[in-house]
Amino acid sequence: MNKFTKYFYTICVYFFLYLPIAIVIVFSFNNAKHSLVWQGFTFKWYASLFNDSAMLRVAWHSLILGVLAATIATIIGTLAAVSLFRYRFFGKKILHGLIFILILTPEIVTAISLLLLYSFLKIPLGFWTLLLAHTALCVPFVAVTVYSRITTLDTDIFEAAMDLGATDFTIFRKIIIPLLLPAIASGWLLSFTLSLDDVIISYFVSGPSFDILPLKIYSMVRLGVKPEVNALCTLMLAFTLFAVITTYQSIFKKKPS
Amino acid sequence: MKKKSSFFKILSINIVWLWLGIFALIPITLTFVTSFLTQDPNAIVKFALTLSNYWELFNHAYVSILIQSITLAGTCTVICLIIGYPFAFTIARSKSKHSSLLLLLVVIPFWTSSLIRTYAIMAILKAKGILNAMLLAMGLIDQPLQILYSYLAVLIGCVYDLLPFMILPLYANIEKFNEEYLEAAQDLGANWLTTFIKVVIPLTMPGIIAGSVLVFLPAMTMFYIPVLLGGAKNLLVGNLVEYQFLTANNWPLGTAISVVISLLMGAMIAVYWYNSKEKDREELA
């Protein structure tokens, strides 16, 4: 392949990846309800979005759910990664395999297995079932993200700390967490976006008492393409990008270690 | 070193096992057991063991949906591989300074909701959408193409949605690829085609398999992409599970389908496992 073909091909693939997103952003500012022709710049779809109190409530629900699920998943996932790396215990290989399998499991399989659990335990569908399901979805992803980083650590540090009389908890708090902070943060962020975007699992385990954004968007999209949806999608895109960029900058560029 | 297990160690191992026990092992067991139970209109299930749920899957309509899903997922995987392989090869072998930025540009669309991206595809493909407007303006067609709500639309949506899953493992694999093998092959007189088939492909096989598994499984169980892009015509296994659970209220049949999907997944993981070296395995995750 010569150089020109390579460049051309690469640009084509990026074009394919970005065109749909670009279109959503452009049309969120288009002053026309149905036409694809550019009718001038407007903020009115954003304004109507912000006047929609139901929409704001749903967005708030998703935000809370995402933050809580990501936080709990990060704690459990980090503990799982640390346990797998440092300790020998019963069923360690099984645990490792289980985490690997859970990541590959299609979401619909996870969704119905959790729905079965809730039904047999007679837990009413709503906030709690969503929170637990989202956390369950995210735990393996955090575990793998943190584990891939923890294996690069020099185990001599732990030995030195133990020789100096540090307990396991001190090592966890003073050595493991600071060294793994970038990985823990990416795990949190990944969980947050997983929770914010999840449609399939939420579709099965949510109830009428707690509606969330992905399901709201799903029902809007199913009814047809509305300009408000463009505005909402643009805002979510901007929000995700902002969160990712600020997190990476504050954590990865602070210390040149 | 013999020492009493610390409180922290016991606590963290127990938290992790307890969590995965309740939210992974028990639900998986419940799914498996339910697939052998009987439907009951008044309760979740009736506790009477049966194999009829699995027999029912041999029903003509279900078999054709299963075959359609596998065909779609397979086609999607092949297309992702054809598009993704040269692309991953190019960006992985570009100057290292650019390489990570180029990869980041692949990951960014991935951070946005796949639902939103599917919606964007709808806007492009619909009768009065961008694609038709462009083709009409260029005079290539005189009637708008009816792509939305067709099999082709579902396929385009799947490829678009899952392409990054193919590119990432391929990139990770190709990045470690040693240039000297290529030179050695050429020194020994191999032309580029032979080099590619006998050297490049075998060496990047773990990446190819990992990417294929990561594309195939979600593609097969796609659930809102067929609804949004395929209309009601092109239903897949995912939609069938949803229908059994939320409309037909036949949970045992729904779980039986889920077990079949899981078995297929198990087979694919086994293929990956036997084709990869120990150190490559983490990459899939």
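Predicted model: local features only at pLDDT ≥ 70, side-chain atom pairs only at ≥ 80, totals over all residues.
**Chain A overall**
- Chain A has eleven helices and zero strands.
- Read from the N terminus, its elements run α-α-α-α-α-α-α-α-α-α-α.
- Along the principal axes, the C-alpha atoms of chain A fill a box of roughly 70 × 60 × 35 Å.
- Chain A has 257 residues, and 40% of them are buried.
- Take the contacts in chain A with a separation of 6 or more: 80% of them join residues 24 or more positions apart.

**Helix 4 against helix 6**
- Two packed helices are described by the angle between their axes and the distance between the axes.
- The crossing of helix 4 of chain A and helix 6 of chain A is left-handed.
- Helix 4 of chain A brings A:Ile99, A:Leu102 and A:Ile103 to the contact.
- Helix 6 of chain A brings A:Pro140, A:Phe141, A:Ala143 and A:Val144.
- By class, this contact has seven nonpolar residues, no polar residues and no charged residues.

**A:Thr129 in helix 6**
- A:Thr129 sits in helix 6 of chain A.
- Is A:Thr129 buried or exposed? A:Thr129 counts as buried, because it has 22 C-beta neighbours inside 10 Å and the cut-off for buried is 20 or more.
- Leaving out residues up to four places away in sequence, A:Thr129 touches A:Tyr118, A:Ile123 and A:Val205.
- A:Asp211 is 82 residues from A:Thr129 along the chain, and their C-alpha atoms are separated by 12 Å.

**Chain A with chain B**
- How many residues does each chain give to the contact? Chain B gives 64 residues and chain A gives 61 residues.
- On the side of chain B that touches chain A, the largest share comes from helix 1 of chain B, residues 7-34.
- That helix supplies 16 residues.
- By class, the side of chain B that touches chain A has 45 nonpolar, 15 polar and four charged residues.

Terms used:
Residues numbered from 1 in each chain as written. Chains lettered and ligands numbered in written order. Helix = DSSP H or I, 4+ residues; strand = E, 2+ residues; numbered from the N terminus. Buried ≥ 20, exposed ≤ 12 C-beta atoms within 10 Å, placed from the backbone. Contact = placed C-beta atoms within 7 Å. Left-handed = near helix turned anticlockwise from the far one by under 90°. Nonpolar A, V, L, I, M, F, W, Y, C, P; charged D, E, K, R; others polar.
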